[in-house]
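Please keep the sequence and the 3D view open while reading.

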Amino acid sequence: MKLLENTSFEAINSQLTIETGDSHIIGRIESYSCKMAGDDKQMFKQFCQEGQPHVLEALSPPQTTGISPNRLSKSQSGDEGEGPLCDKCSRKTLFYLIATLNASFRPDYDFSTAKSHEFSKEPSLNWVVNAVNTSLFSAVGEEFNTLKPQLWDAVDEEICLSECDIYSYNPDLDSDPYGEEGSLWSFNYFFYNKKLKRIVFFTCRSVSGYLYSQGTEISNNFDMDLEDEVLFSQDEDEDEEAEAIEETRYQAVCV
């Protein structure tokens, strides 16, 4: 998956990092080409060993229905009497979703072992737009009303929303890149335009303001400690070099 440059997204992303006092909002929108190259081709070959690209995989019901994403469909469980009906997608589409996650969160996380039941197909564009708008407005307030039209216009221009299938990633706590303490809510949406062979990935989370500031302070202290170690090491090297020069001069005088 290749990250595509988009100056509109870059401008919007700078406005999606927001401190509200009670929480800290961190979001980003990225566009990826589904054209495979290098590591993606190798990963796709391994992925296809578990099933052909055209084979359909059952997804979890979207969280919009109020059904837990951990409940599997009858096609997965093999029990016709249990589990709600849910959508399916081809293994190739599933690969694109996983590869997008890997590209977006690299090198901190690896989603290569993610399974189809961790993903859902969203029922409609309107629902996803409303869900995103509601989450951001409740966190940011009136400030988001200024950003909202700019945000969705940029996404539509990049991916043509009316032609997209929309998926979400809803992992369990162990697999969630946003599963750390203090995480209040998060979403991960994929807008997939098969015709354009492109995915726009919109990910956002809200973190407790207190815990976020604590984490930032620890990170800053760690960076300062590293900087001090580097400076100390440089001073030691300079002292050793000066001693070596002085010793060489002394030997020359003695001769």
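Leaving aside its neighbours within four places in sequence, which residues is Tyr167 in contact with? With contact taken as heavy atoms within 4.5 Å, the partners of Tyr167 are Leu59, Cys89, Thr93, Leu97, Ser120, Lys121, Glu122, Asn188, Tyr189, Phe190 and Tyr192. The model is a predicted one, in which local features need pLDDT of at least 70 and side-chain atom pairs count only at pLDDT 80 or more, while totals for chains, interfaces and linings use all residues. Residues are numbered from 1 along each chain as its sequence is written, and side-chain values use heavy atoms, with hydrogens and water left out.

Tyr167 is found in strand β7 (residues 165-169), and it counts as buried because its relative accessibility is 4%; buried means under 20% relative accessible area, exposed over 50% and partly exposed in between, with a 1.4 Å probe and protein chains only. The C-alpha atoms of Tyr167 and Phe119 are separated by 6.8 Å, although the two residues are 48 apart along the chain.

**The chain and its cores**

The protein chain holds seven helices and nine strands, where helices (H or I, at least four residues) and strands (E, at least two) are DSSP runs numbered from the N terminus. Of its 255 residues, 40% count as buried, and among the contacts with a separation of 6 or more, 72% are between residues 24 or more positions apart.

A nonpolar core is a set of buried Ala, Val, Leu, Ile, Met, Phe, Trp, Tyr and Cys residues joined through side-chain atoms within 4.5 Å. The largest such core has 29 residues, and those with the most contacts inside it are Ile29, Leu151, Val155, Phe191 and Phe202. Two or more residues each are given to this core by α1 (7-15), β3 (23-33), α5 (125-140), α6 (143-159), β8 (183-193) and β9 (198-208). Apart from it lies another core, of 28 residues, among them Cys34, Ala99, Tyr192 and Ile199. Beyond its neighbours within four places in sequence, Ile29 has contacts that include Phe9, Ile12, Leu151, Val155 and Phe202.

**Helix packing**

| Pair | Angle | Axes |
|---|---|---|
| α2 and α4 | about 135° | 11 Å apart |
| α5 and α6 | roughly 150° | within 9 Å |
| α1 and α6 | about 145° | 10 Å apart |

The crossing of α5 and α6 is right-handed, as is that of α2 and α4, whereas α1 and α6 cross in a left-handed manner; a crossing is left-handed if the near helix is turned anticlockwise from the far one by less than a right angle, and right-handed if clockwise.

The contact between α2 and α4 is made by Asp40, Met43, Phe44 and Phe47 of α2 and Arg91, Lys92, Leu94, Phe95, Ile98, Ala99 and Asn102 of α4. These residues divide into seven nonpolar, one polar and three charged, where Ala, Val, Leu, Ile, Met, Phe, Trp, Tyr, Cys and Pro count as nonpolar, Asp, Glu, Lys and Arg as charged, and the others, Gly among them, as polar.

Where α1 meets α6, Ser8, Phe9, Ile12 and Gln15 face Leu147, Gln150, Leu151, Ala154, Val155 and Glu158, a contact with six nonpolar, three polar and one charged residues.

Conventions. Axes are lines fitted to C-alpha atoms, for helices over the stretch in contact, and angles run from 0 to 180 degrees between N-to-C directions.
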